[in-house]
Amino acid sequence: LGGEIPRIGLGTYLMKTGEAKAAVEHAIRSGYRHIDAASIYQNHEEVGAGIASAIKDGVVVREDLFVTSKLWMNSFHPPRVEEACRRALSELGLEYLDLYLLHWPVAWVHTTDPKHGDLVSPYGDILRPRGEDGHYLVDTSITLSDTWAAMEGLVHKGLVKTIGVSNFEVEEIQGLLKTATIFPTVNQVESHVYWS
């Protein structure tokens, strides 16, 4: 569905404000074709500006790039999935994503109430909602399969070419496969010498 994923990609996690545009543009000029982003990184607009600059200068065309983003856990409720994807596309300045991932295998409550946290999206969403006891507010009203069905809808609408998961255990993927009509293309996991 989404084509071959380039073996080496540029991760945009922890890129500071003012750095992402230049880093992405430089990476594309240096030969990178896979750009890995996520809404929780809160740098989609700069990432998109770097992509746009490289395209405008004729370094690449959009079809040369493989752009990944991830659905954050406070948007796992099925009616929010498309809205979050469209926000990501708008911020990135793209018409489609090559790959869209469920960022972690748990749904959090969607809230705009500041008493539940101080990490706020530009849209007023609390990104890491916590209860009074300090624990994350898990949304038990939905299943990962519910969210996955909404992700499949994004493929059918042409908003994303393919879908996958991130940081999932084998059992969680097996649970998705029971109802999935489009199987996860990828399970992206963090792995490096500093990861423990």
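Q: How does the lining of the largest pocket divide by class?
A: In this predicted model, the lining of the largest pocket has 10 nonpolar, 9 polar and 4 charged residues.

Q: And how many residues line the largest pocket, and which lie nearest its centre?
A: The lining is made of 23 residues. Those nearest the centre are Y13, Y41, H103, W104 and E190.

Q: What volume does the largest pocket have?
A: The volume of the largest pocket is about 600 Å³.

Q: How is empty space found at all?
A: A probe the size of a water molecule is rolled over the atoms, and that shows where empty space is left.

Q: OK, the second largest pocket. How much space lies in there?
A: About 400 Å³.

Q: Which residues lie nearest its centre?
A: S39, Q42, E91, P122 and Y123 lie nearest the centre of the second largest pocket, out of 25 residues in its lining.

Q: Which helices supply at least two residues each of that lining?
A: Helices α2 and α3 do, with α3 covering residues 78-92. The largest share of the lining comes from α3, with 4 residues.

Q: Change of topic: how do the axes of α1 and α2 cross?
A: Helix α1 spans residues 20-29 and helix α2 spans residues 44-56; their axes cross at roughly 40° and come within 7 Å. That angle makes α1 oblique to α2.

Q: Is that crossing left-handed or right-handed?
A: The crossing of α1 past α2 is right-handed.

Q: Which residues of α1 and α2 meet?
A: On the α1 side they are A20, K21, V24, E25 and I28. On the α2 side they are E46, V47, A49, G50, I51, S53 and A54. The residues of this contact of α1 with α2 divide into 7 nonpolar, 2 polar and 3 charged.

Q: Where else does V47 turn up?
A: V47 of α2 is also listed in the contact with α3.

Technical notes:
Residues are numbered from 1 along each chain as its sequence is written. This is a predicted model: local features need pLDDT of at least 70, side-chain atom pairs count only at pLDDT 80 or more; totals for chains, interfaces and linings use all residues. Side-chain values use heavy atoms; hydrogens and water are left out. Axes are lines fitted to C-alpha atoms, for helices over the stretch in contact, and angles run from 0 to 180 degrees between N-to-C directions. Angles under 35 degrees count as roughly parallel, over 145 as roughly antiparallel, 65 to 115 as roughly perpendicular and the rest as oblique. A crossing is left-handed if the near helix is turned anticlockwise from the far one by less than a right angle, and right-handed if clockwise. Contact means heavy atoms within 4.5 Å. Ala, Val, Leu, Ile, Met, Phe, Trp, Tyr, Cys and Pro count as nonpolar, Asp, Glu, Lys and Arg as charged, and the others, Gly among them, as polar. On a 1 Å grid over the protein atoms alone, a cavity is a set of points where a 1.4 Å probe fits but cannot get out, and a pocket is an open set with protein on both sides within 12 Å along at least five of seven lines; lining residues have an atom within 4 Å of a point. Grid points are joined across faces, edges and corners, and a volume is the space filled by probe spheres set on the points.
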